[in-house]
Amino acid sequence: MGESSAAATVGSDKLHVLHWASGSVSNEELSSGSMDEADFRRRCNEVTKIEMFLYTLQDMNHLADYPNLRELSLHMQTIPRALGLQGMQQLQRLCMTEIGLESMQ
């Protein structure tokens with residue numbers, strides 16, 4: 001396989017989660033709606049705690065990008081099913097309030 005001339009990028013939904021998780025996403029990066037995937041992965045690996053409020057998590061599967069996550073707090077989200085928690089091997093603390101949870105599967 002040949003190498004692609006363009007670097008792989010991640011989209012705006014994942015950037016918004018990283019912004020909430022680390023605060024390391026600049027306004028310019030948010031407004032562009034994309035980031036180099038290698039840089040995104042490096043920043044995600046540094047995150048150990050995420051706290052999100054007020055319907056900011058569009059897709060719970062985006063949390064799989066954070067392999068070193070130890071603390072997760074989700075408040076006032078629309079999450080009918082808690083998907084992806086089984087992949088969070090480092091998770092030590094989980095707090096979910098007012099999320100509309102219907103199933104843990």
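**Entry 1: terms and basis**

I call a residue buried when its relative accessible area is under 20%, exposed when over 50%, and partly exposed in between (1.4 Å probe, protein chains only). By that rule, 32% of the 105 residues of the protein count as buried. I note that this is a predicted model, in which local features need pLDDT of at least 70 and side-chain atom pairs count only at pLDDT 80 or more, while totals for chains, interfaces and linings use all residues. Residues are numbered from 1 along each chain as its sequence is written, and side-chain values use heavy atoms, with hydrogens and water left out.

**Entry 2: fold**

I looked up the helices (DSSP runs of H or I, at least four residues) and the strands (runs of E, at least two), numbered from the N terminus. The protein has three helices and five strands. Their order from the N terminus is β-α-α-β-α-β-β-β.

In soluble globular proteins, nonpolar side chains tend to be buried together.

I then listed the contacts (heavy atoms within 4.5 Å) of Leu 18. Beyond its neighbours within four places in sequence, Leu 18 is in contact with several residues, including Val 25, Met 35, Phe 40, Cys 44 and Tyr 66.

**Entry 3: cysteines**

Which cysteine is buried, with a relative accessible area of 0%? I found that it is Cys 44. Cys 95 is partly exposed, at 22%. My search for disulfides (pairs of cysteine sulfur atoms within 2.5 Å) through the whole structure returned zero.

**Entry 4: a glycine in a loop**

I located Gly 87 in the loop between strand 4 and strand 5 (93-97). Gly 87 is exposed, with a relative accessible area of 56%. Gly 87 and Ala 64 are 23 residues apart in sequence, yet their C-alpha atoms are 6.8 Å apart in space.

**Entry 5: tryptophan**

I found Trp 20 in helix 1. Trp 20 counts as partly exposed, because its relative accessibility is 36%.
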